[in-house]
Amino acid sequence: MIKNNNNKHTPQELILIAERSRFRRIGIIIILIGICTALLFAFGTDRNQKSTFVLNSPESFSTKIADLVVPSLYVILAISFINILLGTYQLTKGFGRNTNKILGLAIFLFVFSLLVWATKDKSLNLTGMLRLSVVQAIPLIFGALSGIMSERSGVVNIAIEGLMLIAAMVSVIVSSATQNIHLGLLAALLASGLIALVHAILTIRFKVDQIISGMAINIFATGITSYVGIKFLIAFPEFNQTALYPNIAVPALSSLPVIGPIFFNQNMFFYLAILLLVVIQVALFYTPWGLRTRMVGEHPRAADTLGINVYKKRYVSVVLSGLLAGLGGAYLTLGAVGRFNRLMTAGRGFIGLAAMIFGNWNPFGALGASLIFGFSSSLESKLSILQVPIPSQILAMAPYIATIVILVGVIGKVTAPAADGQPYEGQD
Amino acid sequence: MKKNLLLPSEKGTVVPKKMKIIDYWKSVRLPILAFLAALLAGAVLIVLTDLKFYALFKKTFSQISTTQVIIAITSIALIALSVWLGVSKWVKNLLEKKGVTKRLSVSLRVFTPIIGFIISIFLLRLSGFSDIIDAALNITYISYHSLLEGSLGNIVDIMAAFHSGNIQQITESLNPISESLVAAAPYIFGGLSVAVALRCGIFNIGTEGQIFMGALASVIVGYSIKGLPPLIHIPLAMLAGALAGAFWAFIPAILKTKFGSNEVINTIMLNYIAFSLVDFLLTGPIRRPDQSIPFSPYIEISAELPRLLPYPSRFHIGFLIAVGIAILIYWFLFRTPAGLEIRLVGQNPNASRYAGINIKNKYLLAFLISGAMGGLAGANEVLGVSHYLSGTISPGYGFDSISLAILGNNHPIGVIFTALLFGILRNGSTHMQNIARVPVEIITVVQSLVIVFIAAPTIIQTLFRLKGKGKSEQLIVTRGWGK
């Protein structure tokens, strides 16, 4: 709705005005970050204190390099100075299109200064921490891809959490019963695909509100997994222990320092996630199939007029989305933990959904968001090891707050597919 | 001037048709049938996951004969065939073509599956499967009987207690009922929270978080203020809970109205933030000093909601407050202009905007009421039942409330009844777990099925051949994500 008192401006001018005030806001935010860095971390830091970052991964055989040792106080002050400088530049001249990148840089510097402050007179394995972030990001990537797949075709899928939970349980039961983890993975995919099909039938055929249907599946998943867990998995613990997919070291690349242990000595699921990411990106944006799928999500009526079967497209997308969520769930048990715990997804499906929104419904954007969220959760565990006086619960809130902030649109605007959430009524 | 469009004018008021009993039945039959269908599905799950049943099944099938296999397959096919005959459109059209009257056609199609089912059960019983069928029925009976016994008491005990005339004995025998009412109170608040929001077209998944925030605020007021008379302290603590819940709902509300960001994802996120916040406060600032477990201190006696029955019963005044507030909300939604506008916005935001309603204000109002109800649910638990705050203050009341509100057709009076039902389920399920070894989570499964059956009324309508939609309206809450 255009307000009446703005009638003298053309729409383009209005957008410009909005952009300008957004830039100004971001400039102020960056300056505030800079000031906070100095206020929070510089006080109480002694001039002679040093922060040690270990760059060798203990569990990998990559080439050894020296530790990174920096003087704590000077680094913190320098970062604070840089941020204030960036913010001032943004306020006076402005970075234009690069504004969001600069904001990202400012936040990154802030986090780095937090690490420097936390490790003063101590040492922190930076490589191990980054590796942990990637590990934490894997289920989020699958969750986000699942959301993208479904929502690009116009079906909101908040059942990802429930799908992951069911897949996690089914995979562990089948894989321990048959002593074959591949069968476990297959069963997990089958289960989550089937439940996703139920979501599809409810929302596409019966035109049930998509969020209500998704919530029903989440509640169902919570109930059924806890039910089976209490009824069987406690009585028969032999059905709740499975082998794990081993880590695969990529030859040559895995011996690179820092990067090797982080990216090239990971679980099969990580490589699979990256592969699927590329495949989905290409399929959605560079193939006729993807164009049609996106069209169904943007303007189903137009797609229907062109002879695309809207219902079929949506069914396929939702089931694919279920399979992706199933991979995420199976990773939790077959890739990471090796057993099923009650409610073990712990909101990862929802964070995956948040990563999808954060990444603007784009696979690569979602990857970045997943890595950020993964980093924040590894930060949480590392800081508690370093005995930093920041309560871990505050850090645990970070992904959720970030999602809310990004949805508000102060920092940037995200656009969902236009027909997202609307059931399609055929014309016949 | 614009608002007058919505209010019935004095002269032109259309007198609504008087509700007959059949109309009341029509408006509640869908929820009742949906609930029964969900219970039936729950029974199937209970039977299928029972180990004794499984052993029996295995035993029977290890010594099965060829004729038995044939009979079993035939009877299953018979059931499938009869259900198909009853449901399919083809049969319906065929009957109509043949000139069969509508009434006969309907009754034919209703009775075919039932007859098919009875015949096949009969066949199975005759051919040596009677053990399995009896076991299945027995398991179902034991489970649901223990559920009812745990929530409504044992009728023999109650009769004996009344005969003896001993007050103590009577209260003890009625204790299950009182416990069900205790469990129903937060459900009424939670159900109202979801229902008011849904009436306005908002899906508040954040009730769980609002419950935690309400409990947190009222426990802080409950233990930190000392020396107040109960008449002031109790309302103060309740008010604090309601305000905290409303505040927690105000965040997504202002984000929705100011920035247009979707409330579903925001309320989910705020749930997790609330859990973390309460966890943080319980492990630090408001932790009980003398204990290692993260509990808050006990609230002052002056803040405790008074209990109305003698000792073993925990029945407290919170239930009555909840019912009172439900009636108040009913009056507000259906008898005041603001309530009418809220419902109109929920039905059709665009039409309401053209009718001159400030829909943003209505969203805000509905969200605030919804949050306050969630907060009251938390306050009720803390002030009435546990008297301190712990991380397990709510066993998922907020999420249960979603199915509860939908089952109650988002009607405050309906919510009272469904909350009683859910209180019975929640309270009896513990007994069921002890007696029949059926985990409590079965009721969560049943709830999710209830949502599905209510939200997709076609399923129930086809199963039970209901005509029309009754009085339930299709729920629409998804209106895009980011915009």
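Visitor: Before anything else, where do domain bounds come from?
Guide: Domain bounds come from an automatic or database domain assignment. For chain A, that assignment gives domain 1 (4-121) and domain 2 (127-408). Please note that this is a predicted model, in which local features need pLDDT of at least 70, side-chain atom pairs count only at pLDDT 80 or more, and totals for chains, interfaces and linings use all residues. Residues are numbered from 1 along each chain as its sequence is written, while chains are lettered from A and ligands numbered from 1 in the order in which they are written.

Visitor: How far apart do the C-alpha centres of the two domains of chain A lie?
Guide: The C-alpha centres of domain 1 and domain 2 of chain A are 30 Å apart. Their contact takes 11 residues from domain 1 and 14 residues from domain 2 of chain A. Two residues are in contact if their C-beta atoms, placed from the backbone, lie within 7 Å.

Visitor: And which classes are found on the domain 1 side?
Guide: The side of domain 1 of chain A that touches domain 2 has 5 nonpolar, 6 polar and no charged residues. Here Ala, Val, Leu, Ile, Met, Phe, Trp, Tyr, Cys and Pro count as nonpolar, Asp, Glu, Lys and Arg as charged, and the others, Gly among them, as polar.

Visitor: What about the sheet in chain A: what is the strand order?
Guide: In chain A, 3 strands form an open sheet in the order β2-β1-β3, with mixed pairing. Helices (H or I, at least four residues) and strands (E, at least two) are DSSP runs, numbered from the N terminus, and two strands pair if DSSP finds at least two bridges between them. The edge strands are β2 and β3 of chain A, each of which pairs on one side only. From one strand to the next, the twist averages 20 degrees.

Visitor: Which way do the strands run, then?
Guide: Strand β1 (residues 50-54) of chain A runs antiparallel to strand β2 (residues 68-71) of chain A, and 4 bridges join them. With strand β3 (residues 123-125) of chain A, β1(A) pairs in the parallel sense over 3 bridges.

Visitor: Which residue stands opposite A:K50?
Guide: A:K50 stands opposite A:P71 in β2(A). In β2(A), A:V69 is the bridge partner of A:T52. A:F53 stands opposite A:L124 in β3(A).

Visitor: New topic: where is A:Y331, and why does it count as buried?
Guide: A:Y331 is in helix α12 (residues 310-337) of chain A. It counts as buried because it has 30 C-beta neighbours inside 10 Å. A residue is buried if 20 or more other C-beta atoms lie within 10 Å of its own, exposed if 12 or fewer, and partly exposed in between, with C-beta atoms placed from the backbone.

Visitor: What is A:Y331 in contact with?
Guide: Leaving aside its neighbours within four places in sequence, A:Y331 is in contact with A:I138, A:P139, A:F142, A:F269 and A:A336. The C-alpha atoms of A:Y331 and A:F270 are separated by 9.1 Å, although these residues are 61 residues apart along the chain.

Visitor: How many residues does each chain give where A and B touch?
Guide: Chain A gives 42 residues to the contact and chain B gives 41 residues. On the chain A side, the elements that give two or more residues are α7 (210-233), α13 (348-358), α15 (392-396) and α16 (398-408). Of these, α7(A) gives the most, with 15 residues. The residues of that side divide into 28 nonpolar, 11 polar and 3 charged.

Visitor: Now chain B: how many helices and strands are there?
Guide: Chain B has 18 helices and 0 strands. Of its 483 residues, 44% count as buried. The C-alpha atoms of chain B fill a box of roughly 80 × 60 × 50 Å, taken along the principal axes.

Visitor: Which residues are buried in helix α12 of chain B?
Guide: In α12(B) (residues 337-347), the residues B:G339, B:E341, B:I342, B:L344, B:V345 and B:G346 are buried. What covers them includes α7 (167-199), α11 (318-335), α13 (349-354) and α14 (359-386) of chain B.

Key: Axes fitted to C-alpha atoms, helices over the stretch in contact; angles between N-to-C directions.
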